[in-house]
Amino acid sequence: MKGHIYKRGKTYSYVIDIGKDLETGRRKQQNKGGFQKKKEAEQALRKALESYEDNGLQIESKEIFSVFIEKWFTNHYSPRVAESTTDVSTFTIKKHFLEGNYFSQKPISQITTRDLDKFYGIKLNEGLAPSTIRKLHNLLNKALGQAQKWDMIKNNPAASAEPPRIKKPEFEIWSPRDITKFLTRIQNERLYILFYLAIYTGMRKGELLALRWSDIDLDKCVINVRRSLSTITGKGYLHKDLKTKNSRRMITISKEVAATLLGHKEKQSLIRESYRDAYADKDLVISTIDGNEQDPRNALRVMERLIKLSEVPKIRFHDLRHTHASILISEGIDVVEVSSRLGHSNPRTTLETYAHLVPNKNNSAADRFSQALSKS
């Protein structure tokens, strides 16, 4: 690491030659001027070189945010995450970081924590949910954190920013009577098995649409949840293996559910025979009439129609999962067992979501405590 002093007009300056930028091939230098005396410039140069020896030289980038975020997303982030994550994040980057961002043309070295907090406030006023803003914050934190690692900025402003708190999720559930009414009314519908399994297993929509017959042991009444179906813009459907140990799980089913699945399989076999070579045999439990992947968005449209037809309370598809878990917990099934069945990463997640449904045993506990003390 070398530096030298030079005179500029009536003042002195120093320059430190850092070397070449690996990305651009250009020389990198740090300059500082305005010293009235040469001796002052020499002292400042020595301190700068000593600081580099201890901490590394920090040259803040002049690259504007919009240029940086696209480079980071394309070259660093996308290759390291699932294709479906990239697909969703592409929309987020364009809509919120490039088009709807007041600091998009600001150098990343000049972006402050205050800028980010203001940005979150604007997004909140635009009607974005706190959970969505939290996702924006997480992306910014990763991007600017990487900029700090690359020595483009001294500090990551997102590390101190405060996105809005996520409120406790609210959801609607069906009663056993609603379930019976719904399933009875739709039993002749092609997608009956999708909604039936969602209610009886608590599986996610993507997990159900990726379910194959090879994942099911009807004799042992077990479903192995191994993958999920998602759609990628411009590419179609993606069967993605579940990555975490908790999400890859084994779900037990009752003999009643196994019998329903067997009946569905027999109907599917008849359809396959009638379509012959035109049937796309992908081993899918839930598919289109010709054996291809069922479009997730179309499934939601079908559900909306069937809810109106059945005259039951309107809920989201994911609320079928909440309904399954709520009934189990209200029946006294252990939270750890429910958590494992749902594929949650931690039983705490399950308890925080469904705590209000856990049967109240306070009186029993109080009585037993009093009895224990009375014995002494």
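Predicted model: local features only at pLDDT ≥ 70, side-chain atom pairs only at ≥ 80, totals over all residues.
## Two crossing helices

Let's begin with helix α2 (residues 65-77) and helix α5 (residues 130-149). Their axes come within 11 Å and cross at roughly 90 degrees. The two helices are therefore roughly perpendicular to each other.

## A three-stranded sheet

Next comes an open sheet of three strands, ordered β4-β5-β8, with antiparallel pairing. Strands β4 (216-217) and β8 (249-252) stand at the edges with a single partner strand each, so one side of each has no neighbour in the sheet.

The pairing of β4 with β5 (residues 222-225) is antiparallel and rests on two bridges. Here Ile216 stands opposite Ile223 in β5.

## The cavity

Where is empty space left inside? Rolling a probe the size of a water molecule over the atoms shows this. Across the whole structure, a search finds one cavity of 30 Å³ or more, and the largest cavity holds about 30 Å³ of space.

Its lining is made up of Gln268, Arg272, Tyr279, Ala280, Asp281, Lys282, Asp283, Leu284, Ser287 and Gly291. Among these lining residues, four are charged, three are polar and three are nonpolar.

Notes. Residues numbered from 1 in each chain as written. Heavy atoms only, no water. 1 Å grid on protein atoms, 1.4 Å probe; cavity = no way out; pocket = protein on both sides within 12 Å on 5 of 7 lines; lining within 4 Å. Points joined across faces, edges and corners; volume = space filled by probe spheres on them. Nonpolar A, V, L, I, M, F, W, Y, C, P; charged D, E, K, R; others polar. Axes fitted to C-alpha atoms, helices over the stretch in contact; angles between N-to-C directions. Helix = DSSP H or I, 4+ residues; strand = E, 2+ residues; numbered from the N terminus. Parallel < 35°, antiparallel > 145°, perpendicular 65-115°, else oblique. Pairing = 2+ DSSP bridges.
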